[in-house]
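Hi,

Here's the model I promised you.

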Amino acid sequence: MESKKPSRRKFLASGAAVAGAAAVAARSASGQTPGLVPVPTSEAGKKAIKEMVAYGDRSKFVTYVREPADGRPSPDAFGLTFHVVTPLGESVGSITPSSLHYVAAHRGFYVPEIDPKEHKLMVHGMVDRPLIFTMDELKRLPSVTRVHFLECIGNRSTARRNTVAQTHGMTSCSEWTGVLLSTLLKEAGVQSGASWIVSEGGEEVKGASSVPLSKAMDDCLVAWGQNGEPVRPQQGFPLRLIVPGFEGIYQTKYLRRVKVVDRYYMTYNDYGHLQKDPRTIALTEQIGPKSVITRPAGGQQMAGPGYYEITGLAWSGGGAVRRVEVSTDGGKMWKEAELRTPTYRMAHTRFALPWTWDGKQCEIMSRCTDDVGTVQPSRAQVAKFWNEPLTPNFQVKGADNTIQVWRIMSDGSVHNANFS
Amino acid sequence: MRTSPKLLLAALMIFGVSLSAQSPTYHLGRTPTPDELKAWDISIGPAGKELPPGHGTAKDGAELFINKGCVACHGRNGEGGKAPTLIVPKGASTAPGKANPEMDMGIQAPGLMAVSSPFATVMWDYIHRGMPLGREGSLTADEAYSLTAFLLYKNDVIKEDDVLDAQSLPKIKMPNAAAYTEHPEWKHGTPRLANYP
């Protein structure tokens, strides 16, 4: 037991001391007792010690961050934040760090500062007992913790988007903790004849969406926790509605009100969904099975021929990922990839396939099958469904879940090959 | 004291009360007062049941469009500003389409609710809850009726002296009222669309 102490101390210190590691190595080399860590005296070392107690930072050598979608200024001319994407090319495992979660807003928004002591949620409308809950009361109710992805319906590959952050970065995955919306609705007592709910946020525009009651009673989550801590302000602190598998706009941030109603309520957010074709409406609500290779991916550079692990993320709005296949020859042959993380429903799942690159130009891609049995389609298949010619201008209607093709050139550069 | 769910379930079974009656289980939360319900419920459905008393015309709305600062962002004639176009220039197409090809989210030309929304109620709802930027929720009911009337008049949906109120607003026949289909029913564990690849 005694012998374990120094190594544990060393681990803790070197893990947090940003500049400490180099100092430790230097002092060890200069003849100090191995295993004993001197107290850092540099300014960086002092900061590291302080931070070990406070909210920890990542290494200064890890620098990737989010970026505004399509370089659109965010904040814009009005100071409003629009779409900001997750750096998926650097993604590890299946959970997105809260600090790197994508941010999207229908109108654009300012992040409100909401005091959780003041925040309340009202459940009313076609219920027997309208109720107002405080945050403390919500936390006393039975909680569930579930891993779910969120995805903006604008998350799609275009000819101008080359990196996987640009083509697919408007999806992220978190572990959410909260109370099931069905628990709250049962407490209030939903009346017969009700068929939809309207969920409303507390930000300045009070963004609201209509959600089918069948979905609200199925698996929607009123979340106060995200990745082991309170939901982040950019993600809806202190309370966010999670509508698993539905597109991002349904995931109402700063949730303050749930109204039970008897029809589609046509909010400003809903108004954007209106389509003349019922088939298109069906494709704008729930996200289809989808996957993308995150390494090697557009904008990255291969180090040369040899062994690589092809890896990426797969998810579906309809359920769990059942399998992922990868092709390295432009879609002629498919190999089953290994699933490296648990396959939760409506959650990112990490897949990987061992591969040796021969240094020649090739096209790699992945496709996902969910546990409903739906298979991720190619752009060609979707164009055929709509009886439209497959040209670079062909736009997938609704949420785009088509296969992403990356072209690796013989010089090792990787490009978006969906449109050329 | 909190009653344990198990105890409650046992009690319910003993007394023959069905759980499907949705009796409260946890007895947390409080009943909102009528004033709270009224103040919080800003949703206006297509039937307009929640519309408050008040009225307004396009003429009043034209003045408010300037006095409330709408012109600063949306442009003097409801177009050409930094914020979305609100009034379709004469002769321009009103067909639904993408205003910004990089943001194809199935959205009709942003802002053009007067010509693409099937119900006028969503215009009143959004102006009332979401405008003006930075002073959201500050408009009175009369002002929201007037601004809605102004935008509908400028887009040739109503006449200049039509009075909008809780009765007349939901009855407005919108140009695209018949052009939309109902939302399909959502079912757990089913594909988005049958036969879609």
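Predicted model: local features only at pLDDT ≥ 70, side-chain atom pairs only at ≥ 80, totals over all residues.

Both faces of β7(A) are covered: W196(A), V198(A) and E200(A) are buried on one side, and I197(A), S199(A) and G201(A) are buried on the other. Buried here means 20 or more other C-beta atoms within 10 Å of the residue's own, with C-beta atoms placed from the backbone. In a regular strand, side chains alternate between the two faces of the sheet.

β7(A) covers residues 196-201; strands are DSSP E runs of at least two residues and helices are H or I runs of at least four, numbered from the N terminus. β7(A) pairs antiparallel with β8(A) (residues 208-212) over five bridges, pairing meaning at least two DSSP bridges. W196(A) sits opposite P212(A) there. Six residues lie between these strands in the hairpin, where K206(A) has a positive phi near 50°. β7(A) also runs antiparallel to β12(A) (residues 255-261), joined by six bridges, with S199(A) partnering V258(A).

Now the chain contact: 50 residues from chain B meet 65 residues from chain A, where contact means C-beta atoms, placed from the backbone, within 7 Å. On chain B's side, α6(B) gives the largest share, five residues.

Cheers

How values were computed: Residues numbered from 1 in each chain as written. Chains lettered and ligands numbered in written order. Contact = placed C-beta atoms within 7 Å. Buried ≥ 20, exposed ≤ 12 C-beta atoms within 10 Å, placed from the backbone.
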